[in-house]
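Me: Hi! I'd like to talk through a structure with you. Could you take a look at it with me?

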Amino acid sequence: MNILVAYASSHGSTAEVAEFIGKTLTERGLKVTVADVDSVRIISPYDVVILGTAIHAGAWLPQMTDFVTRFQDSLAEKPAYLWVSCIRVLEPHGFQHVLEYYMPDDLMEKLNLQDVTVFPGKLDLQNVDWNERWTLAARYDGATWPSSFDGDFRDWDRIRAWCDKIAEGVSALP
Ligand SMILES: Cc1cc2nc3c(=O)[nH]c(=O)nc-3n(C[C@H](O)[C@H](O)[C@H](O)COP(=O)(O)O)c2cc1C
């Protein structure tokens, strides 16, 4: 089973989650390639794709949108897993909110999704420029001021558990 983990990351933390998923699945005996979506040229060699994107202004990063649009024909039948990394999930009912409002139906429909999840991400305001800070302050749709989430909220045990779920699902594929 040949697996592609393709990520869209602005500040690197989603890329680190992708690397962690790649490493964990490799330890489970799977053959995995981890790549930035912008660097992927072909997906036909892969049996399964795992896609992950950070969220900006309530939406997937444009690189992930472009990727799904670009490869929509090859993606149509391929089993796919999807996660998004964000901070809104840290608020009450955040998980449901993210699933409801941050997932674009038109793109989700193009994927043969086996599972979708949301992970708390990492926000490092010292490394967010003023333009992005403005976007965050103006477009964040939570009840809490987004600067309250300045920190690393990635839960590696949860991510590992998702990998176990994927490994199980993949082993059941024909
Ligand atoms: C400019 C900007 C806008 C963001 N907008 C949102 C948002 O609308 N909702 C949300 O939950 N998280 C938002 N975030 C938080 C990021 O999704 C989160 O920090 C993510 O883990 C970043 O991943 P990265 O390090 O791979 O870029 C935003 C972060 C930045 C820098």
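Predicted model: local features only at pLDDT ≥ 70, side-chain atom pairs only at ≥ 80, totals over all residues.

Me: Great. How many helices and strands does the chain have?
Reply: The secondary structure comes to seven helices and eight strands.

Me: And what is the radius of gyration of the chain?
Reply: The chain has 16 Å. A compact globule with 174 residues would have a value near 16 Å, so the two agree. Along the principal axes, the C-alpha atoms fill a box of roughly 45 × 30 × 30 Å.

Me: Let's go inside. What percentage of the residues is buried?
Reply: Buried residues make up 32% of the 174 in the chain. The largest nonpolar core has 43 residues. Those touching the most other members are Ile3, Val5, Ala6, Val49, Ile50, Met64 and Cys86. As background, nonpolar side chains in soluble globular proteins tend to be buried together.

Me: Which residues is Ile50 in contact with?
Reply: Leaving aside neighbours within four places in sequence, Ile50 is in contact with Ile3, Val5, Ile21, Tyr81 and Ile166.

Me: On to the ligand. Which residues are closest?
Reply: Thr14, Ala54, Cys86, Arg88 and Gly121 are the closest of the 24 residues that surround the ligand. Helix 1 (13-27), strand 3, strand 5, strand 7 (122-123) and helix 6 (130-139) each give two or more residues to that shell.

Me: Which element gives the largest share?
Reply: Helix 6 does, with four residues.

Me: How does the shell split by class?
Reply: There are nine nonpolar, 11 polar and four charged residues around the ligand.

Me: Where is His93, the non-glycine with a positive phi of about 60°?
Reply: His93 lies in the loop between strand 5 (79-86) and helix 4 (94-101).

Me: Why does His93 count as exposed, and why is Ala57 partly exposed?
Reply: His93 counts as exposed because it has 10 C-beta neighbours inside 10 Å. Ala57 has 13 inside 10 Å, so Ala57 counts as partly exposed.

How values were computed. Residues numbered from 1 in each chain as written. Buried ≥ 20, exposed ≤ 12 C-beta atoms within 10 Å, placed from the backbone. Near = placed C-beta within 6 Å. Nonpolar A, V, L, I, M, F, W, Y, C, P; charged D, E, K, R; others polar. Rg over C-alpha atoms; globule rule 2.2 N^0.38 Å. Core = buried A, V, L, I, M, F, W, Y, C linked by C-beta atoms within 7 Å. Contact = placed C-beta atoms within 7 Å.
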